[in-house]
Amino acid sequence: MKSWGNRDAIITDVTRKLLAAREGNYPFPDLPDNLTNWLAQLTLLYGVPVEYMVADNRMLPLESMRFFYIDRNWLDRLVDGALSVGVLSSREQVFNETFYEDIYAQIDVRQMQLRANLRNETPPAVTAAGGGMTGVIFRSVVVSGWPGLEIEAYKDKVLLKILRMDRLSDNTMLCIWEDLPDTVNFIEPSEGLHFGVIMDPGADTFKVYLRGLGYPDNNPYPAGEQIFNGPDPVAASGGFRSGVKGVIDIAGLKSNITRAMPAGALPDGKLSPGAMAIQMVRGAGKQPYDMNSPACEGSISQS
């Protein structure tokens with residue numbers, strides 16, 4: 001009975017001091033940086049085995065991706081489990097139970113700064129933390145074939161912060177963002193800029209989808225942006241030199257582009273060498289995903 005009495009006295013004393021800290025008589029405890037970083041990495045699934053995230057290979061076959069939500073209640077329980085390793089007495093347990101909200105808040109802030117810290121960049125100032133988190137697991141030869149693959153997520157046309165972007169294996173990538181995006185873009189490495197045309201599958205023809213040049217002055221087609229005619233783009237069909245497969249008839253292509261351009265979209269109605277170059281430039285390929293599309297509904301899950 002004496003030992004239980006001592007235990008109750010210790011708990012009462014610790015509780016009194018911690019409640020006093022909550023009332024402002026003592027400063028809130030700050031977790032050490034190394035501990036905060038480690039817990040922030042844990043909540044971003046660093047060190048979590050892939051089989052915990054994808055319980056069966058059939059859930060993520062080759063050439064597939066899965067978008068998911070992350071439940072912050074689950075992350076808080078993950079932090080509780082990690083902190084329980086350091087609970088050696090009732091004193092530590094009472095401390096954790098009293099300051100758990102402050103501990104979670106410090107970890108949430110470090111989540112927003114962790115990627116910058118790992119990349120040796122200046123961490124951003126955090127004005128809001130602890131919101132929703134979403135991500136994608138992408139398993140494809142694209143991951144191994146394009147090491148510089150870029151992923152962008154937008155919500156209401158605002159670029160979302162990437163909290164983590166890592167390869168889990170040669171062909172599998174994990175990306176986690178703050179908040180819930182409505183659009184996600186997968187982009188080829190930017191160094192893929194080149195001149196080229198778009199081939200029609202199974203045919204010996206190609207197309208060039210036209211871009212604006214900033215004309216006409218009163219209602220211009222924006223320079224560099226693709227020109228659309230209703231739901232379909234304006235295409236200038238081309239051709240190869242007679243009898244020489246694979247060699248483009250440049251003069252014929254120039255004439256086709258000139259005829260296909262909308263009225264007033266060419267200065268003086270002529271296609272200059274610079275304007276021709278703009279039509280021929282092919283930037284890095286981009287594959288957008290609309291998260292509100294029914295096609296994405298089966299790819300959203302909760303972790």
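Q: Among contacts in the chain between residues at least 6 apart in sequence, what percentage join residues at least 24 apart?
A: The figure is 69%. This is a predicted model.

Q: How many helices and strands does the chain have?
A: Count eight helices and 16 strands.

Q: What share of the residues of the chain count as buried?
A: Of 303 residues, 33% count as buried.

Q: Where do nonpolar side chains tend to be in soluble globular proteins?
A: In soluble globular proteins, they tend to be buried together. Now the case here. The largest nonpolar core holds 26 residues. Leu44, Ile70, Met133 and Ile176 have the most contacts inside this core.

Q: Which elements give two or more residues to this core?
A: On the helix side, they are α2 (33-43), α4 (72-83) and α5 (90-118). On the strand side, they are β1 (64-70), β2 (133-139) and β6 (172-178). The largest share comes from α5, with five residues.

Q: Which residues does Met133 touch, not counting those up to four places away in sequence?
A: Met133 touches Thr43, Leu44, Tyr69, Ile70, Arg72 and Leu75, and also Gln111, Leu163, Ile176, Trp177 and Asp179. Three of these partners, Leu44, Ile70 and Ile176, are listed with Met133 as having the most contacts inside the core.

Q: How do I read a strand and its partner?
A: Start with the general idea. In a regular strand, side chains alternate between the two faces of the sheet. Then look for the partner strand. Here β1 and β2 pair in the antiparallel sense over seven bridges. Within this pair, Phe67 has Val136 in β2 as its bridge partner.

Q: How many of the residues of β1 are buried?
A: Five of its seven are, and β1 is mostly covered.

Q: Which strands does β3 (residues 150-155) join by bridges?
A: There is β7 (residues 183-187), joined to β3 by five bridges and running antiparallel to it. Tyr154 has Thr183 in β7 as its bridge partner. There is also β4 (residues 158-159), again antiparallel to β3, with two bridges. Lys155 has Val158 in β4 as its bridge partner.

Q: What lies between the strands in the hairpin of β3 and β4?
A: Two residues do. Look at Asp156 in this hairpin: its phi is positive, near 50 degrees.

Q: In what order do the three strands of the open sheet with β9 run?
A: The order is β9-β10-β13, and the pairing is antiparallel. The edge strands are β9 (198-199) and β13 (235-237), and each pairs on one side only. Two bridges join β9 to β10 (residues 206-209). Ile198 has Lys207 in β10 as its bridge partner.

Q: Which strands of this sheet does α7 touch?
A: As α7 packs on the sheet, it touches β10 and β13. The direction of α7 makes about 150 degrees with that of β13.

Q: How do I read the crossing of two helices?
A: Take the angle between their directions. An angle of 65 to 115 degrees counts as roughly perpendicular. Here the axes of α7 (residues 250-260) and α8 (residues 273-280) cross at roughly 90 degrees and come within 11 Å. Therefore α7 is roughly perpendicular to α8.

Q: Which residues meet where α7 and α8 are in contact?
A: From α7 come Ile250, Leu253, Lys254 and Ile257. From α8 come Met276, Gln279 and Met280. By class, this contact has five nonpolar residues, one polar and one charged.

Key: Residues are numbered from 1 along each chain as its sequence is written. This is a predicted model: local features need pLDDT of at least 70, side-chain atom pairs count only at pLDDT 80 or more; totals for chains, interfaces and linings use all residues. Side-chain values use heavy atoms; hydrogens and water are left out. Axes are lines fitted to C-alpha atoms, for helices over the stretch in contact, and angles run from 0 to 180 degrees between N-to-C directions. Helices (H or I, at least four residues) and strands (E, at least two) are DSSP runs, numbered from the N terminus. Angles under 35 degrees count as roughly parallel, over 145 as roughly antiparallel, 65 to 115 as roughly perpendicular and the rest as oblique. Contact means heavy atoms within 4.5 Å. Ala, Val, Leu, Ile, Met, Phe, Trp, Tyr, Cys and Pro count as nonpolar, Asp, Glu, Lys and Arg as charged, and the others, Gly among them, as polar. A nonpolar core is a set of buried Ala, Val, Leu, Ile, Met, Phe, Trp, Tyr and Cys residues joined through side-chain atoms within 4.5 Å. Buried means under 20% relative accessible area, exposed over 50%, partly exposed in between (1.4 Å probe, protein chains only). Two strands pair if DSSP finds at least two bridges between them.
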